[in-house]
Amino acid sequence: MPFVAAAMLAGCGVKESFKDAEAEVAKFHQAMDAGNLQPIWRQADPALRKGPEHDQLAKALEAVQRKLGKVKGTKQVGWNANATTGGTFVTLTYETQFERGSGVEQFVYRKSDEGQVALTGYNIQSQDMMLN
């Protein structure tokens with residue numbers, strides 16, 4: 001019985017992590033659409049803000065803005081949660097329609113011990129972005 005209760009509590013925590021990550025994806029898109037990447041950096045995991053990934057992500061986001069434009073709509077098409085000794089990682093996958101094309105975006109968030117989620121990774125696959 002204690003195992004079942006622990007599993008249920010863990011499931012609720014994962015559910016809450018997904019809700020928090022989904023809210024952060026919406027904020028991410030709002031910031032990108034406004035051309036203001038600062039909120040994305042403030043919310044990002046410290047390793048992402050300081051490492052070489054910061055420059056790569058900044059260039060990728062600038063390319064998304066320049067080539068695809070603003071977000072017109074999204075549809076979540078996948079998710080995953082992975083609990084490790086480094087924290088709980090939530091991955092959300094979206095099919096996203098932009099002004100000038102579409103793409104599949106993948107967001108990875110880490111949930112801290114304090115319950116906050118922070119962006120640790122972003123990837124976009126878009127044929128339209130490559131051709132524009």
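A: Happy to walk you through them. This is a predicted model, where local features need pLDDT of at least 70 and side-chain atom pairs count only at pLDDT 80 or more, while totals for chains, interfaces and linings use all residues. Residues are numbered from 1 along each chain as its sequence is written, and side-chain values use heavy atoms, with hydrogens and water left out.

Searching the whole structure turns up three salt bridges (a side-chain nitrogen of Lys or Arg within 4 Å of a carboxyl oxygen of Asp or Glu).

Let's begin with Glu-24 and Lys-27, whose closest N and O atoms are 3.3 Å apart. Both sit in helix α1 (residues 2-34), and because they are three residues apart there, about one helical turn separates them. Helices here are DSSP runs of H or I with at least four residues, and strands are runs of E with at least two, numbered from the N terminus. Glu-24 is buried at 14% relative accessibility, whereas Lys-27 is partly exposed at 48%. For these labels, buried means under 20% relative accessible area, exposed over 50%, and partly exposed in between, with a 1.4 Å probe and protein chains only.

Next comes Arg-110 with Asp-45, at 3.1 Å between the closest N and O atoms. Arg-110 belongs to strand β3 (residues 101-111) and Asp-45 to the loop between α2 (38-43) and α3 (46-50), so this pair ties together parts 65 residues apart in sequence. Asp-45 is buried at 10%, while Arg-110 is partly exposed at 23%.

Finally, Glu-99 pairs with Arg-100, their closest N and O atoms lying 3.7 Å apart. Glu-99 is partly exposed at 41%, and Arg-100 is partly exposed at 42%.
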